[in-house]
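Good morning, and thank you for coming.

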Amino acid sequence: PNFRDAGGHRAADGGIMRSGLLYRSDHVGSLSPAEAQVMAGLGIRVVYDLRTEAERSMTPDERIPGAKQVALDLMADDEQAAPAQLLRLLEHPRVARTALGGGKAAALFVEGYRSIVTLPSARAGLGRLYRGLLEEAGLPALCHCTTGKDRTGWTCAALQTLLGVPHDEVLQDFLASNRYIVPKYQAHIDAFAARGGDPALLVPVLSVLPEYLDASFEEVRRAYGSIEGYFDEALGLDARMQQALRDRFVGK
């Protein structure tokens, strides 16, 4: 449900982030053969799976014909990896109340969005992903995590920002995940409520909030000064490679 094109957005210089080059999604472990063929028809050559090893083992990707699979566990160096694990709490209302109540859930996600900027595994994984987008055989590509809203959300927001897409538009694309992914979990939310859980506890877990993305960009400014500094110092893409990404992804 959260599969969509990361492009189509207007850049500040009047260009347009090209469509059909980078797609974003929640996990693709439940694709039907027909759906897999639809994705193959988009020409997807590389699938970047940003999930943890445990997530991949629980729900392996359905293979997209013709596409190479690349596993990039962005949170491998995070001992807690809390945002990646919180969906398990849907089965345990009492534990969820203790773990998520009183603003704890949003705070965990804010911290997760900060850590993805400086975490060594995230830096290595995202550097590899963005460099892959510069390879001739690297496009079209698909990046995804479990829900397609957090790790995938930052991956796309950082690239869009580097390409000159205005922040308001980047934020609106980020928040669009709320329209697509929350309905997927409605049955789980209803079951959680039936077991005595408070559905409001799940809002920060199953949706995205502006302060999540704000936390990542604040960390970029704190640690690297700018999005260009982040791509250079944290991800290993120098000014020449950054310009190559703009040349490839932005058209008039």
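I shall speak about cysteine pairs and then about ring pairs.

Please keep in mind that this is a predicted model. Let us start with the cysteines. A disulfide is a covalent bond between the sulfur atoms of two cysteines. How many disulfides does the structure hold? The structure holds zero.

To count as a disulfide, the two sulfur atoms would have to lie within 2.5 Å. Cys156, likewise, is in no disulfide.

I turn now to the aromatic rings. The whole structure contains nine aromatic pairs. One of them joins Phe109 and Tyr212: the ring centres are 5.3 Å apart and the planes meet at 15 degrees, so this pair is stacked. Phe109 belongs to helix α5 and Tyr212 to helix α12, so the pair ties together parts that are 103 residues apart in sequence. Both residues, Phe109 and Tyr212, are buried.

A second example is Tyr113 with Phe174. Here the ring centres are 5.9 Å apart and the planes stand at 90 degrees, so the pair is edge-to-face. This pair also links distant parts of the chain, with Tyr113 in helix α5 and Phe174 in helix α8, 61 residues apart. Tyr113 is buried, with a relative accessible area of 3%, and Phe174 is buried at 1%.

Finally, ring pairs connect Tyr130, Trp154, Phe217, Tyr224, Tyr230 and Phe231 into a cluster. Thank you for your attention.

Key: Residues are numbered from 1 along each chain as its sequence is written. This is a predicted model: local features need pLDDT of at least 70, side-chain atom pairs count only at pLDDT 80 or more; totals for chains, interfaces and linings use all residues. Side-chain values use heavy atoms; hydrogens and water are left out. Rings of Phe, Tyr and Trp (its six-membered ring) pair if their centres lie within 6.5 Å; planes under 30 degrees apart count as stacked, over 60 as edge-to-face and the rest as tilted. Helices (H or I, at least four residues) and strands (E, at least two) are DSSP runs, numbered from the N terminus. Buried means under 20% relative accessible area, exposed over 50%, partly exposed in between (1.4 Å probe, protein chains only).
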